[in-house]
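Open the model in your viewer and keep the selection panel at hand. The tour goes from one selection to the next.

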Amino acid sequence: MDSSIKRELLARLERDALHLCARFGLRYRVLEAERANVKRRYGVCFSDGTIRIRLRHATTGRALKYSSLVNTLCHELAHLQHFNHGPRFQALYARILACARRD
């Protein structure tokens, strides 16, 4: 993936993340692209507030659709408040995703 495309995608995700965080009272430390060698996950949220999102498909190497990136972003933002996949996480994730789809 071209570095300028990567920067543009991350900048767009950052804008969306800041909007969603303001709306839901969330805070993250940094949003960055997942390392290229990671193949098993689309995103990860660390306890220090670092969020990493995979920008390319694991097997084809093509850029993922922006809607998929936003879905992953919403999932990881929900982890900032609930560091599990329980019912409260699922409810928050659904609310964040619905907001992202509306805006």
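Select helices α1 and α3. Their axes come within 11 Å and cross at roughly 125°. That makes α1 oblique to α3. (Angles under 35 degrees count as roughly parallel, over 145 as roughly antiparallel, 65 to 115 as roughly perpendicular, and the rest as oblique.) Axes here are lines fitted to C-alpha atoms, for helices over the stretch in contact, and angles run from 0 to 180 degrees between N-to-C directions. Helices (H or I, at least four residues) and strands (E, at least two) are DSSP runs, numbered from the N terminus.

A word on the source. This is a predicted model: local features need pLDDT of at least 70, side-chain atom pairs count only at pLDDT 80 or more, and totals for chains, interfaces and linings use all residues. Residues are numbered from 1 along each chain as its sequence is written, and side-chain values use heavy atoms, with hydrogens and water left out.

Now show the side chains where the helices touch. From α1, pick H19, L20, R23 and F24. They meet L92, R95, I96, C99, A100 and R102 in α3. Contact means heavy atoms within 4.5 Å. The residues of this contact divide into 6 nonpolar, 1 polar and 3 charged. (Ala, Val, Leu, Ile, Met, Phe, Trp, Tyr, Cys and Pro count as nonpolar; Asp, Glu, Lys and Arg as charged; the others, Gly among them, as polar.)

Stay on α3, residues 87–102, and select A98. Is A98 buried, partly exposed or exposed? At 33% relative accessibility, A98 counts as partly exposed.

Zoom in on strand β3, residues 50–53. β3 pairs with β2 in the antiparallel sense over 3 bridges. β1 and β3 run parallel, joined by 4 bridges. (Two strands pair if DSSP finds at least two bridges between them.) Select R52 in β3: V44 stands opposite R52, and E32 stands opposite R52 too.

Last stop: β1. L31 and A33 make up its covered face, V30 and E32 its uncovered one.

Technical notes. Buried < 20%, exposed > 50% of the residue type's maximum accessible area, 1.4 Å probe, protein only.
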